Every structure is written in structure tokens, then in C-alpha cells.
Amino acid sequence: MMDYSKILNRRIQNIPPSGIRKYFDLLGTMEDGISLGIGEPDFITPWHIRNAGIQSLEKGYTKYTPNAGLSDLRKAISDYMKRRFDLDYAPNGQILVTVGGSEGLDLAFRCILEAEDEVIIPTPSFVCYGPLASMTHGVPVYVQTKAENEFRLTAEELRGAITPKTKAVVLPFPNNPTGGIMGREHLEALAEVLRGTDIMVISDEIYAELTYGQKHFSMANIPDMYERTIVVNGFSKAYSMTGWRMGYLCAPKEIVGAMTKLHQYGIMSAPTTSQYAAIEAMKNGDGDIAQMKEEYNARRRFLLEGFRKLGLECFEPKGAFYMFPCIKSTGLTSEEFCEQLIRKERVAVIPGSAFGPGGEGFVRACYAASMKDLAEALRRIESFLNQLKK
């Protein structure tokens with residue numbers, strides 16, 4: 001019998017599975033379950049975007065596209081980045097269309113990191129950054145952000161994590177799981193630390209359109225940071241296009257050139273049908289973003305008030321569609337809280353510990369769910385908390 005432990009790459013074997021899917025799978029075995037776990041919009045992709053994909057199929061647009069993506073799509077992305085975020089990226093040479101933002105992140109890590117290079121990763125943050133760094137033989141360096149700073153990365157924390165081996169820093173803002181954001185003044189402070197170094201910034205801006213009360217600001221908006229920043233974005237969250245697997249990255253042409261080579265050999269090109277749908281989203285989707293964002297904002301306010309009424313301390317998240325309440329008052333660990341809540345009340349939330357150092361004592365609740373489900377989830381969480389008090 002084959003001993004696959006001797007066959008499989010040890011780095012892959014040592015990477016733990018995602019701490020998110022477990023609760024989603026468990027909820028699938030229950031009737032009347034409510035998921036506040038998976039970070040996926042509950043909206044259907046807007047019809048005009050779906051129709052563009054349908055029309056592309058009916059017209060027979062089913063061939064490979066250029067490796068970097070359809071020229072019309074790269075032009076639409078360039079126009080969008082200028083219109084929405086005041087960022088200038090040339091369609092030819094500075095933009096690469098990827099299979100979701102996930103491929104963009106993978107390309108960024110693999111094209112920048114060499115063995116033993118360190119990448120600074122603020123936590124709590126999305127689960128992929130550390131494993132992606134490790135799979136490139138890089139070294140993830142986790143920097144624990146704090147609730148009192150609304151889970152922002154501070155200049156002092158960044159400065160303290162930099163060593164001669166530091167190659168890159170990840171800026172995962174707006175943040176999953178905390179909902180924290182970085183304003184211009186916060187990024188300016190980080191920029192001051194990075195000036196005079198060769199450290200690159202991998203800026204995961206998949207939630208850039210989902211900020212509440214202030215407009216998203218990118219590290220690339222700071223002139224002398226533009227040349228060292230890789231912006232990774234996509235269509236999943238802003239346009240509710242998760243299953244279309246469409247993303248893109250914007251960076252200096254030398255960086256994009258290297259990433260395009262890797263993309264050529266590993267992927268060749270993003271799905272053709274999805275690219276035609278994405279063109280429509282970029283050109284005519286601003287209204288869809290506004291409509292969905294308004295609904296998310298209402299849910300955000302509702303769930304925040306609900307958690308606070310239940311006595312669960314929670315800072316006000318200003319981005320994405322997540323709430324990160326503190327559950328330390330219950331005496332349970334994050335894992336225990338989530339396990340007991342789903343089994344007793346059939347509500348799925350994700351342990352904060354799944355998102356790295358600093359997450360223990362918190363849980364992530366996604367408010368990309370209907371108001372009806374949010375209200376019922378709060379009722380069940382209240383019942384669960386009352387049971388704990390007995």
C-alpha cells in the first residue's frame with residue numbers, strides 16, 4: 001500500500017485546513033439553520049451582468065482570451081480604477097485579469113517571495129495569507145492588531161516586525177474578519193516606515209467598495225508608494241459574482257510582467273464567459289454597488305445594535321460585511337462558543353481563532369444575510385447566552 005505521507009509535499013501536509021468551512025458543512029446537516037459564517041453576498045449577480053455572460057455564449061465567444069485578459073476588460077478595469085479610486089493603471093502592462101482575487105494573491109506571493117523571505121501579515125485576517133507565504137518557502141510573520149485600535153496595523157507594530165529578511169507586508173483592508181479599515185492618515189504613517197526600504201506592499205482590496213462613512217483609500221494612492229504596491233481586487237464582493245471567479249491585480253509593469261508569465265503556465269487565461277460579464281459590471285455596475293452597499297449598511301447597524309443589546313462588546317466595523325464581537329464574557333473559547341451555538345441553536349459563526357493571533361475571544365459574524373435571518377439569529381444567540389447563565 002502506498003504511504004502517501006512520503007509522496008505528498010510536506011509543506012502542503014503541514015498546512016491546516018481552513019477553519020471556516022467546518023461550520024458551513026456542519027450547518028448543511030441541520031434543518032432550519034442560519035449561516036452567518038461564509039463571507040458570500042446573499043444577492044444574486046445583477047441581471048444585466050448575467051445577461052452579458054449569456055449573450056457572450058450565444059454569440060459563440062468561447063475561445064481562449066489573451067493571457068492578461070480581454071483588452072476591453074483591461075480597459076474597463078483601468079477606467080474603473082481611475083473613476084472609483086483615482087488610481088492610474090495602463091490597460092496594457094499594468095493590469096492582469098485573474099481567476100478570482102485568490103489567484104492574484106497567489107501570484108503576488110509566488111512572484112515576490114524566495115526561500116526564507118519574510119512577509120508581514122497583520123492578524124486577525126483572512127486565512128489564506130500565511131499558507132500562501134509558506135507554500136512559496138517564505139516565512140509568515142504575524143503581527144497581532146488590537147481591538148482598541150479597531151484592528152488597524154499601526155506604524156509602531158509594522159516597524160517592530162521589520163527585519164533584514166522582510167520582503168513584503170500584506171495590507172488586508174477593509175478587513176476580513178474584523179471589518180476594520182485603514183484611513184489615509186493611517187496609511188501615511190505606514191508609508192513613512194516603508195520609505196527607504198525595498199519592502200513591497202500586497203494590498204488586498206477585495207472589499208474596497210464596501211466602506212461605510214468614508215471612501216476607501218489605497219496605499220497606491222500615496223505617490224511614492226505606488227511603485228511598491230500590488231493592488232489585488234475582484235468582482236466577488238462588490239458585484240456579488242463569487243461563482244464567476246473573476247479577479248484582477250494592478251501593479252508596476254515589471255511586476256505584472258513577471259506575474260503574467262506565471263499566469264500563462266498555470267492558468268493561461270481567466271474564463272471567457274466571466275470576462276464578458278465582468279466588462280458589463282465594470283462599465284454599468286456602479287448603481288448595483290450603491291444598492292447593495294446601502295442594504296449592507298442597514299444590516300450592519302442592525303446587527304451591531306443587536307450584539308450590544310446582548311452584552312457582547314463590539315467595535316463599529318467600517319468596512320466589508322463582517323462583525324467581530326468579543327465573547328470573552330461568556331467564559332468560552334472562540335471554538336467552544338461556535339461549537340455550542342451551532343449545535344444548540346443552529347446558528348453558524350466562525351471562531352476568531354481561525355483568523356490568526358489576536359482572534360481568540362472573538363467570533364466572526366457575516367451580515368450578508370437577510371434582515372429576517374439576522375433578527376432570528378440574534379434571538380437564538382440571546383437564547384444561547386441565557387442558557388450559559390443558568
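**Note on helix packing and sheets in a predicted model**

1. The axes of helix α5 (residues 100–112) and helix α9 (residues 253–266) cross at roughly 115 degrees and come within 10 Å, where axes are lines fitted to C-alpha atoms, for helices over the stretch in contact, and angles run from 0 to 180 degrees between N-to-C directions. That makes α5 roughly perpendicular to α9; angles of 65 to 115 degrees count as roughly perpendicular, under 35 as roughly parallel, over 145 as roughly antiparallel and the rest as oblique. The crossing of α5 past α9 is right-handed, a crossing being right-handed if the near helix is turned clockwise from the far one by less than a right angle, and left-handed if anticlockwise.

2. This is a predicted model, in which local features need pLDDT of at least 70 and side-chain atom pairs count only at pLDDT 80 or more, whereas totals for chains, interfaces and linings use all residues. Residues are numbered from 1 along each chain as its sequence is written, and side-chain values use heavy atoms, with hydrogens and water left out.

3. On the α5 side, E103, L107, A108, R110 and C111 meet A258, M259, L262 and H263 of α9, contact meaning heavy atoms within 4.5 Å. The residues of this contact of α5 with α9 divide into six nonpolar, one polar and two charged, with Ala, Val, Leu, Ile, Met, Phe, Trp, Tyr, Cys and Pro counted as nonpolar, Asp, Glu, Lys and Arg as charged, and the others, Gly among them, as polar.

4. Helix α4 (residues 71–85) packs with helix α10 (residues 272–284) at an angle of about 25 degrees, their axes lying 9 Å apart, and the two are therefore roughly parallel to each other. Here α4 passes α10 in a left-handed crossing. From α4, the residues D72, L73, A76, I77, Y80 and R83 meet Q275, A278, I279, M282 and K283 in α10, and by class this contact has seven nonpolar, one polar and three charged residues.

5. Seven strands form an open sheet of mixed pairing in the order β2-β8-β7-β6-β5-β3-β4; helices (H or I, at least four residues) and strands (E, at least two) are DSSP runs, numbered from the N terminus, and two strands pair if DSSP finds at least two bridges between them. Because β2 (95–98) and β4 stand at the edges, each with a single partner strand, one side of each is left without a neighbour in the sheet. The twist averages 20 degrees from one strand to the next. Strand β3 (residues 118–123) pairs with β4 in the parallel sense over six bridges, and the bridge partner of P122 in β4 is V143.

6. T136, in the loop between α6 (129–135) and β4 (139–144), is buried, with a relative accessible area of 12%, and touches F109, R110, L113, E114 and A115, not counting residues up to four places away in sequence. G160, found in helix α7 (residues 155–161), is exposed at a relative accessible area of 65%; buried means under 20%, exposed over 50%, and partly exposed in between (1.4 Å probe, protein chains only). G160 and V143 are 17 residues apart in sequence, and their C-alpha atoms are 9.1 Å apart in space.

7. A second open sheet has three strands in the order β9-β12-β11, with antiparallel pairing. Its edges are β9 (322–323) and β11 (350–351), each with a single partner strand, so one side of each is left without a neighbour in the sheet. The antiparallel pairing of β11 with strand β12 (residues 363–366) runs over two bridges, and P351 stands opposite V363 in β12.
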